[in-house]
Amino acid sequence: MAKLIFDAHLDLSMNAMEWNRDLSKPIAEIREREKGLTDLPDRAKGTVSLEEMRKGGIGLCVATTIAPYKRPGIFNTPFVQGWNSQEQAWAQTQGQIAWYRTMEEKGELVQISNLKELKAHQQLWESSSDVSKLPIGYILSLEGADSIINMKYLEKAYNNGLRAIGPAHYGPGVYAFGTDSTGGLGENGRSLLKEMERLEIILDTTHLCDDSFWEALENYHGPLWASHNNCRSLVPNNRQYADEQIKALLEREAVIGTVFDATMLIPGWERGKTTPEETGVGLKHVVQQIDYVCQLAGHSKHAAIGSDLDGGFGKEQAPIDLETIADLNKIPELLKEKGYSESDIDNIMYKNWLRFLEKAWG
Ligand SMILES: [Zn+2]
């Protein structure tokens, strides 16, 4: 019986459609084709392929569509790609969905959008002795809601299978303020949350700046999670959550996914300058983040994995003892060494996300 791992944050289609990566190919081949390219910092250093996911037992993930709208004269994070209109951003997400659908037709992926599909997929993976040919289940999410032109488009997105939304990404968005910016939700953000609540779309609080975060918690009454968010006490930066934010999430029965991006594991990391070698950033730092959430909660029912391993970085900005995403399966051993029991480890590796979805979709 295979042990399942659930990774709640991957940007698979962004990698396919913007990085031009054929994720159905072996990782060595994906890297080989990028040798000599200098357009992006993670060229030839990617750690995610569908085969590597299967090797690690990652049979379930939350996979994004992502397309920020970059308004003229408004702060742009250089490492995030963006579009000059909301219409272009919407169309980009539709291209990304087309890629997911094509992977489904190929038997590589399967979309999970309700409890029945979730149960069947879990059963399929847990009862198979060889998972190398199984489709990977993905729950469709949207990272930054700029591409939702108006609420009619939200409904269209829901009908495409969209089940979770993080209203903002980096900087000021159409609906909320994200990482490295400050500001509240405004009229747009509040109506988005209201409509999400009606459609029972999960609120992903990741990337909301502090003001928008607190306002979102007040205005949204449905199920919420933080798909990929680390702890500010360990790595001080606005991208991470302060203890009071984590506690507020715990009160709301949220699950928090730990990110594997070295910039969120090591204090003072400078993109493109600091290296894994000089800092010794490792999976032990991931475990430290997981443990921090467990200590705040007093148990293991809220900490989980949201690796973000294909979120615009590769080996140059990842734990040193991680060659590919398959190495997520090293985490259980590290947790065991820290004193975590078998059932705690299952909670963290997949059961917390499953329990959350069972409740949200039940
Ligand atoms: Zn992100």
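Trainee: In which hand does α5 pass α13?

Mentor: The crossing of α5 over α13 is left-handed, meaning that the near helix is turned anticlockwise from the far one by less than a right angle, clockwise being right-handed. The model is predicted, so local features need pLDDT of at least 70 and side-chain atom pairs pLDDT 80 or more, whereas totals for chains, interfaces and linings use all residues. Residues are numbered from 1 along each chain as its sequence is written, and side-chain values use heavy atoms, without hydrogens and water.

Trainee: At what angle do helix α5 and α13 pack?

Mentor: Helix α5 (residues 115-126) packs on α13 at about 155 degrees, with the axes 10 Å apart; axes are fitted to C-alpha atoms over the stretch in contact, and angles run from 0 to 180 degrees between N-to-C directions. The pair is therefore roughly antiparallel, the term for angles over 145 degrees. Helices are DSSP runs (H or I, at least four residues) numbered from the N terminus.

Trainee: Which residues in α5 and α13 meet?

Mentor: From α5, L115, L118, K119, Q122 and E126 meet Y350, L354, L357, E358 and W361 of α13, contact being heavy atoms within 4.5 Å. Six of these residues are nonpolar, one is polar and three are charged; Ala, Val, Leu, Ile, Met, Phe, Trp, Tyr, Cys and Pro are nonpolar, Asp, Glu, Lys and Arg charged, and the others, including Gly, polar.

Trainee: How do α9 and α11 cross, left-handed or right-handed?

Mentor: Helix α9 passes α11 in a right-handed crossing. The axes of α9 (residues 243-251) and α11 (residues 283-297) come within 10 Å and cross at roughly 65 degrees. D243, I246, K247 and L250 in α9 meet Y292, L296 and A297 in α11. Five of those residues are nonpolar, none is polar and two are charged.

Trainee: What volume does the second largest pocket have?

Mentor: Its volume is about 290 Å³. Of its 13 lining residues, R252, E253, R355, F356 and K359 are closest to the centre. Helix α13 (residues 342-361) gives the largest share of the lining, five residues. The lining comprises five nonpolar, three polar and five charged residues.

On a 1 Å grid over the protein atoms alone, a pocket is an open set with protein on both sides within 12 Å along at least five of seven lines, a cavity is a set where a 1.4 Å probe fits but cannot get out, and lining residues have an atom within 4 Å of a point. Points join across faces, edges and corners, and volume is the space filled by probe spheres set on them.

Trainee: How many cavities of 30 Å³ or more does the search find?

Mentor: There are three, and the largest cavity holds about 170 Å³. P68, Y69, D146, Y170 and P172 lie nearest its centre among 19 lining residues.

Note on methods:
Helix = DSSP H or I, 4+ residues; strand = E, 2+ residues; numbered from the N terminus. Parallel < 35°, antiparallel > 145°, perpendicular 65-115°, else oblique.
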